[in-house]
Amino acid sequence: MSERFYITTPIYYVNAEPHLGHAYTTIVADVAARFHRLAGYEARFQTGTDEHGDKIAQAAAAQGLAPKAYADRISGLFRSLWPQLNVAPDRFVRTTDPGHIKVVQAVLQKVYDADDIYFAKYGGHYCVGCERFLTEHELVGGCCPDHGTTPIFQEEENYFFRMTAYTGRLQEHIRAHPEFIRPERYQNEVLAMLDQGLEDLCISRPKSRLIWGIELPFDADYVTYVWFDALINYLSGLDWPDGPAFREFWPAAQHLIAKDILKPHAVFWPTMLMSLAKAEGRPAEDYLYQHLNVHGYWNVDQAKMSKSLGNVVRPLELAAKYGVEAFRYFLLREMTFGLDSSFSEEALIERYNADLANDLGNLFSRVLNMLHKYRGGVVPEAEAAVNKESGQYEPNAPWETCLGFFSWVWQQAHLYQQEMESFQFHRALSVVWDIIRATNKFVVTHEPWTLAKDPARATELDKVLFTLSQLLADIAVLIWPVMPETAQGMAAVLGMRGIEPGMLEMVMSSTHLLPAGAQAAEPPALFPRIDTAKVQAKAAKAGQKAEARPKEAAVNDEQTSASDEQISIEEFGRVQLKVATVLAAERIDGADRLLKLSVDAGEPQPRTLVAGVAQHYAPEELKGRQVVIVANLKPAKLRGVTSQGMVLAAVGEQGLCIVSPSKEMPPGSKVR
Ligand code: ME8
């Protein structure tokens with residue numbers, strides 16, 4: 001029996017049309033499900049719409065529609081969006097489905113019978129936007145921190161779920177399972193929330209105030225609180241309690257949400273599940289989900305996306321403009337899972353041109369063109385490299401390097417698998433792009449065009465072309481979860497039988513995906529370059545000034561907000577900082593702020609640097625001093641002198657001060 005994987009997205013409120021944020025979460029879930037299928041799991045992926053409650057009743061009334069008619073329309077928009085984004089859920093749940101309603105009532109009855117629901121009078125701060133009572137702790141200046149509105153003080157008799165009976169055990173579970181809520185920052189947030197202490201959860205609304213909800217099975221005067229109703233979709237979509245899907249997939253459940261709905265998923269839901277376990281006389285572990293995966297928020301050009309700001313990004317418009325697959329790739333590659341990200345079309349175009357057109361598109365057409373030119377499009381036989389008697393590979397240079405390359409790729413595929421399993425999609429894609437770039441380099445170092453000129457080197461050329469064709473097949477498999485259509489298209493052109501469940505194993509082991517003799521078709525242009533000038537001109541014409549903004553302006557904006565932008569350790573790792581010793585320093589004619597330095601950075605030749613420190617240091621003071629330099633900065637010409645790096649200095653109101661190590665270090669020592 002293969003392992004299982006069950007992934008859910010939040011079920012989206014039907015008070016707004018789908019936007020970039022909804023698209024991101026649902027594409028991530030689709031990618032995770034596809035990846036697990038590729039890795040041999042039996043995967044199930046569920047999404048849906050959340051249709052009860054105040055918010056929906058109000059939105060429907062504003063449009064002069066009955067809530068159900070209104071919900072039908074918006075739910076339909078979500079449902080029809082997914083196939084257009086190459087997203088293929090296995091189940092779409094609506095909370096107005098009769099099956100879901102039945103399950104919610106059955107759960108309520110069980111929890112009630114187990115004495116975990118009681119009736120009491122309560123007064124509290126109710127936020128319509130959040131659809132819940134906010135605690136005193138949560139209010140900021142008397143307002144809801146998320147909606148900025150003043151909650152309404154409401155006092156009424158309601159039913160309460162004994163959530164506090166379970167919060168201690170929940171804390172223990174979270175501490176014992178550090179991967180229960182991930183990434184770690186959200187686990188810490190939840191533990192802090194639990195440490196502050198919580199109250200029992202109000203789970204009903206009197207019908208005198210709200211009728212658009214699921215009636216409580218034990219009191220016809222009340223409907224169910226929308227969160228208690230909505231969270232249960234994760235069970236109702238598996239046909240709880242008797243459906244085979246529930247038995248098979250619930251033990252493998254993972255949820256995916258953004259940080260906005262952490263509390264309901266990390267506190268309400270697990271305590272509800274513990275209560276259900278108690279009601280059924282089962283251990284809590286039987287009912288708790290495996291992981292809650294939490295991602296950050298997409299902002300737009302550094303601002304929060306909102307209707308009132310008029311910056312809501314519509315996924316279909318982007319997919320139509322740049323292609324669905326490029327859109328999916330961008331979202332997964334750009335966002336560091338867990339952190340906020342800023343969306344801009346400029347960034348999308350930049351990634352498209354650099355990663356898809358230049359790296360992937362070029363590699364694909366370049367290898368296939370050579371295969372056609374030199375071998376009629378047929379994947380050559382490379383097994384000639386095996387010595388018939390010994391069964392060993394012939395120790396000849398290109399095959400040795402081909403084998404070395406294959407084993408490096410197989411190792412990278414393991415890394416890719418780890419990153420995908422832990423929801424670090426941006427890192428998994430970065431691993432794939434390392435492979436793509438290394439393959440492009442392999443072409444350059446082996447020069448198939450030179451081998452083709454010499455008939456005596458025909459078998460070498462075979463081995464190189466064999467290797468390159470296999471690499472394209474491996475790459476197609478690895479990108480399939482994110483770009484399924486592109487990957488299948490690549491496979492078809494290569495003459496592969498298509499990308500199938502379980503195929504990841506072949507990329508990670510020493511199995512070649514393409515048999516010698518496979519016939520490749522003519523390659524299409526995978527990702528034609530986007531001409532930025534044309535896009536900007538078009539946007540300007542359409543009066544979309546924001547889109548047509550020159551790049552420098554965008555860069556400046558980033559700089560002004562850079563102080564609060566977080567970067568990953570990998571991004572920091574791209575900056576090479578080194579210790580260097582100043583060998584000589586002199587003024588530059590006509591530039592009263594600049595000094596020209598010659599430094600020993602532990603390299604064969606001294607480096608020349610230009611530093612804007614002349615008003616703070618005399619040249620003689622610097623000679624022999626150790627400094628820290630940025631060693632991999634692009635050279636820049638300043639007053640006719642080419643500077644090969646930059647000297648670090650602290651700048652403040654007191655002036656400027658060069659940064660030096662606190663004790664003498666060998667020149668060239670890395671600074672981390
Ligand atoms: O909260 N960036 O529904 P909802 C990233 N019905 N993701 C975003 C986003 C953004 N700017 N905006 C929205 C609800 N999302 C409840 C859920 S589940 C039992 C009930 C995504 O329509 C993200 O997944 O407000 C977020 O958690 C979800 O939409 C909220 O969707």
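A polar contact is a pair of N or O atoms within 3.5 Å; within protein, one must be able to donate a hydrogen and the other to accept it, and residues adjacent in sequence count only if both atoms are side-chain atoms. In this predicted model, local features need pLDDT of at least 70 and side-chain atom pairs count only at pLDDT 80 or more, while totals for chains, interfaces and linings use all residues. Residues are numbered from 1 along each chain as its sequence is written, and side-chain values use heavy atoms, without hydrogens or water.

**Ligand contacts**
- A polar side-chain atom of Asp260 sits 2.8 Å from a ligand oxygen atom.
- The protein covers 93% of the 670 Å² of accessible area that the ligand has on its own (Shrake-Rupley method, 1.4 Å probe).
- A backbone N or O atom of Ile11 is 2.8 Å from a nitrogen atom of the ligand.
- For Ala258, a polar backbone atom lies 3.1 Å from a ligand oxygen atom.

**Ligand shell**

**Sheet**
- Three strands build an open, mixed sheet in the order β16-β15-β17 (pairing takes at least two DSSP bridges).
- β16 (303–304) and β17 (341–343) are edge strands with a single partner each, so one side of each lacks a neighbour in the sheet.
- Strand β15 (298–300) runs antiparallel to β16, joined by two bridges.
- Val300 has Ala303 of β16 as its bridge partner.

Notes: Helices (H or I, at least four residues) and strands (E, at least two) are DSSP runs, numbered from the N terminus.
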